[in-house]
Structure formats: structure tokens, C-alpha cells
Amino acid sequence: TDILHVLSMFKERREPNRSRCEYITQLQLDLGELFGYIPDLVEMFLDTFGPAEAFEFMEASDAPRPLVIRANTLKTRRKDL
């Protein structure tokens, strides 16, 4: 998330001897390791959404889905479940 902070205002926050490409490469490696995605998929997300949105997307995708029970309403009623 420090890299995201730097990339949000790159000109003011970057280290003088590092390029934007180096920050993006490090972010790709970090996100791939954190969320368990392959590097090509992380690169696609970063190209599609940008750094901050890609992180939010991967974080949201990693959250567990709510438990849902489907039932045939012709054979049973909701309160019987």
C-alpha cells in the first residue's frame, strides 16, 4: 500500500532514483504474492483499472461470498426451510 500511496502522487512522493516502471513492477509482484494471482493476470488488472482500482478489485474478489440457499418453491415453502 506504500507503493499505491507513492503512485497516487508520483511526482511529489517518488524516490529520485526510481522510475514509475520500477514501482509498477514491484506492485505487480506484491499483489500477485498477496492475493495468489499469476503475474499476467495482475498485469491485466493494472492495465485495465489502474493501481488503486486494481487493488480494490482484487481485495473485493478475495472476500467470501454470502451463503445462499436455493429451493424449489413448488415443492417447499420458505418457512419450512
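Where is Leu81 found? I located Leu81 in the segment after α5.

**Basis of the entries.** I noted that the model is predicted, that local features need pLDDT of at least 70 and side-chain atom pairs pLDDT 80 or more, and that totals for chains, interfaces and linings use all residues. Residues are numbered from 1 along each chain as its sequence is written, and side-chain values use heavy atoms, with hydrogens and water left out.

**Overall form.** I looked up the secondary structure and found five helices and zero strands. Helices (H or I, at least four residues) and strands (E, at least two) are DSSP runs, numbered from the N terminus. I read the pattern along the sequence as α-α-α-α-α. The radius of gyration is 20 Å, well over the 12 Å that the globule rule gives for 81 residues, so the protein is more spread out than a compact globule. This radius is taken over C-alpha atoms, and the globule rule is 2.2 Å times the number of residues to the power 0.38. I recorded a C-alpha trace that spans about 70 × 25 × 20 Å along its principal axes. Buried residues make up 22% of the 81 residues; buried means under 20% relative accessible area, exposed over 50%, and partly exposed in between (1.4 Å probe, protein chains only).

I placed Arg13 in helix α2 (residues 10-13). Arg13 counts as partly exposed because its relative accessibility is 31%. Its C-alpha atom is separated by 9.8 Å from that of Ile3, ten residues apart along the chain. I found Asp30 in helix α3 (residues 20-35), partly exposed with a relative accessible area of 34%.

**Surface patches.** Which residues form the negative surface patch? I listed Glu53, Glu56, Glu59 and Asp62. Like charges are joined within 9 Å, and nonpolar side chains (Val, Leu, Ile, Met, Phe, Trp, Tyr) within 5 Å. Glu59 has its place in helix α5 (residues 51-62) and, at 44% relative accessibility, counts as partly exposed. I also noted a nonpolar surface patch of about 430 Å², made by Leu67, Ile69 and Leu81. Leu81 counts as exposed because its relative accessibility is 66%.

Terms used
Patch = residues over 30% accessible without salt bridge, like charges linked within 9 Å, V, L, I, M, F, W, Y side chains within 5 Å. Areas by Shrake-Rupley, 256 points an atom, 1.4 Å probe, with all protein chains shown as cover. Salt bridge = Lys/Arg side-chain N within 4 Å of Asp/Glu carboxyl O. Lys, Arg positive; Asp, Glu negative; His and termini not counted. Charge placed at Lys NZ, Arg CZ, Asp CG, Glu CD.
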